[in-house]
Every structure is written in structure tokens, then in C-alpha cells.
Amino acid sequence: MHENKQRRKLLLGICGCLLYVVGDFLFAALGPEQSTETMGLMVRVAYLDMATWRFVVSILCGVLGTALYYVGFHQMEQLLRCHLPAHQQKWLKGFRLAYLTGTVCWGYVHAMFINVALIFQFVYGTYGDMQTAADIANRIVYCNAVPMVAAYVLGDVVLSVVMVVMVWKGLLPLKNTAQRVLATFCNPICCAGILGNLTTLLPWPLDQIDHGTESLGHALVLVLGLLLLREMSKQSGKNLAV
């Protein structure tokens, strides 16, 4: 029963990350005829062609996804706390720092990006001046640059480093090198940096997969958590048998 509850929490976390993926697609995916031009740092001309409902649903996905994200990652932290030997518990601190940063920041970052797009839309719709609308929207990005970068470093980079280290130190139940190589992609940086960039070489609509690969990387971390839970359950069963 306890194992089923742990599994449900990890699955809820995965669902939260998949809501992030949906939100990313709604915010960033483009049609074959839409412009890929950007104005300044983060403002895309294509925002003017996107329906407002996409942005509204995307924000909702980000808010709900953040709550579920915490449930899943908190459960994985508890599993790691029980599984890691005492001299390897230092990696747990990095894991905890990363997912707590994500819990605090991902909803905020997601909503900020959406609001930039909405401001660009509304200012342009009111005044008809695309450059002015882009300048105003970009100012929002610049004002939020420091917390955005901090969230990326602590929430994505630290988590990815911790996961890669645990994979190659043999701290996760992976039986051979092939599994470790595959598990190396199970984090936001490697998933987005390698898989995401490779998908941009594909024709539309497959090239749009790139927009969700960072969030997918978080979901894959929790997939490793499911593998860890299964192995811990097996070991517990063996100990009871003995």
C-alpha cells in the first residue's frame, strides 16, 4: 500500500511536468506559415497571430503543473534519502535545492513569458506600432532577467548535474552502460540540449517538439524515480523473505 502511494506521487509529478510540456507547446509552437522572426530578446512576431486562449490555458498548465511537480519531486527526494549511502547524501542537497527552486520559480517564469506575449499583443492591438510594443514587452524580460537566470541555473543546471553524477556513480539502479547512457538524457539540460536541438532539424510539425523537451527532461527525472522505487521494493521484499 505504501509503495502504491509513493508511485502515485511520482506519477502525479510526471503529470505535472507533462502539463509544463503542454503549456510550452501552447506558448511557443508555430504553424507552418507563421513567422519565426524575433524582436529583441524574447519577443516573437508570431505572438500577434496566436489566440489569447492559448496563453490563458498555458498559464493554467504552469500553475497546476507546479503543484504536481512538487508532489513528485518531494517523493523522489524521500526515496533518495533512504537509498543513498551516508557519504553520498551530499548529492541529495543539490537535488533538493533544484526542485525547491523549481517549485518556487517555474510557475512564475512561465507566467512571465506569457505576460510578455500578451503585453506585446495588447500594446500592438491598441497603438498599431510593432516596434514600440516589442520594446515595452522586452523591458519586462530585462527586469526579470536576474531571477530567470538564477532559476535556470539552480533549477535546471544543478538538477541535471546531480542526476548525471548519480547515474555514473552507480547510485541509481541501472544495470549496464547502455542504460546509463540513456539515463544521461533524463534531465532538463541534456534532454533539451541534445534531443531538443536534434528535433529542430526535422520538418514541420516534428521540429516543434523542441519546445517541450526541457520540461520533458524533468519528467524523465521522475521516471528514474519510478525505477528507483521498483528496485527498493524488490530489495525490501528480499529482506523480508530472509
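## Terms and model

Two residues are in contact, or touch, when they have heavy atoms within 4.5 Å. This is a predicted model, in which local features need pLDDT of at least 70 and side-chain atom pairs count only at pLDDT 80 or more, while totals for chains, interfaces and linings use all residues. Residues are numbered from 1 along each chain as its sequence is written, and side-chain values use heavy atoms, with hydrogens and water left out.

## The chain as a whole

The protein chain has eight helices and two strands. Helices (H or I, at least four residues) and strands (E, at least two) are DSSP runs, numbered from the N terminus. Their order from the N terminus is α-β-β-α-α-α-α-α-α-α. Along the principal axes, the C-alpha atoms fill a box of roughly 75 × 35 × 30 Å.

Of the 242 residues in the chain, 42% are buried. Buried means under 20% relative accessible area, exposed means over 50%, and partly exposed lies in between (1.4 Å probe, protein chains only). Among contacts between residues at least 6 apart in sequence, 76% join residues at least 24 apart.

## The nonpolar core

A nonpolar core is a set of buried Ala, Val, Leu, Ile, Met, Phe, Trp, Tyr and Cys residues joined through side-chain atoms within 4.5 Å. The largest such core has 56 residues, and Phe73, Leu80, Phe95 and Met163 touch the most other members. Two or more residues come from each of helix H1 (2–28), helix H2 (52–83), H3, H4, H5 and helix H8 (213–241). H3 gives the most, with 14 residues.

Which residues does Phe95 contact, leaving aside its neighbours within four places in sequence? They are Phe73, Met76, Glu77, Leu80, Leu159, Val162, Met163 and Val221.

Helix H4 covers residues 130–143, and its end C-alpha atoms are 20 Å apart. The expected span of a helix is 1.5 Å times one less than its number of residues. For the 14 residues of H4 this gives 20 Å, which agrees. The buried residues of H4 are Ala133, Ala134, Ala137, Asn138 and Val141. Seen down the helix axis, they fall within an arc of 125°, so they line one face of H4. The arc is that of the directions from the helix axis to the C-beta atoms. Strand S1 (38–39), strand S2 (43–44), helix H3 (90–127) and helix H5 (145–168) are among what covers these buried residues. On the face turned away from the buried side are the exposed residues Arg139 and Cys143. At the N-terminal end, Asp129 caps H4, with a side-chain oxygen 3.2 Å from the backbone nitrogen of Gln131.

H5 has 24 residues and reaches 33 Å from first to last C-alpha, close to the expected 34 Å. Its buried residues include Gly155, Asp156, Leu159 and Met163. Just after H5, Gly170 has a positive phi of about 75°.

Gln34 is in the loop between H1 and S1. Is this residue buried or exposed? Gln34 counts as buried because its relative accessibility is 19%. A polar atom of its side chain lies 2.7 Å from the backbone nitrogen of Gly31. This is a polar contact (a pair of N or O atoms within 3.5 Å; within protein, one must be able to donate a hydrogen and the other to accept it, and residues adjacent in sequence count only if both atoms are side-chain atoms). Not counting residues up to four places away in sequence, Gln34 touches Ala29, Ala46, Asp49 and Met50.

Gly225 is in helix H8 and is buried, with a relative accessible area of 0%. Again not counting residues up to four places away in sequence, Gly225 touches Leu10, Met76 and Leu79. The C-alpha atom of Gly225 is 22 Å from that of Ile194, which is 31 residues away along the chain.

## Cysteines and a cis peptide bond

A disulfide is a covalent bond between the sulfur atoms of two cysteines. Here it is defined as a pair of cysteine sulfur atoms within 2.5 Å. The structure has zero disulfides. For Cys61, the nearest cysteine sulfur is that of Cys15, 12 Å away. Cys61 is buried, at 9% relative accessibility. Cys143 is exposed, at 66%, and its sulfur is 17 Å from the closest cysteine sulfur, in Cys105, which is too far for a bond.

The peptide bond from Trp204 to Pro205 is cis, with omega near 5°. Pro205 is in the loop between helix H7 (188–199) and H8.
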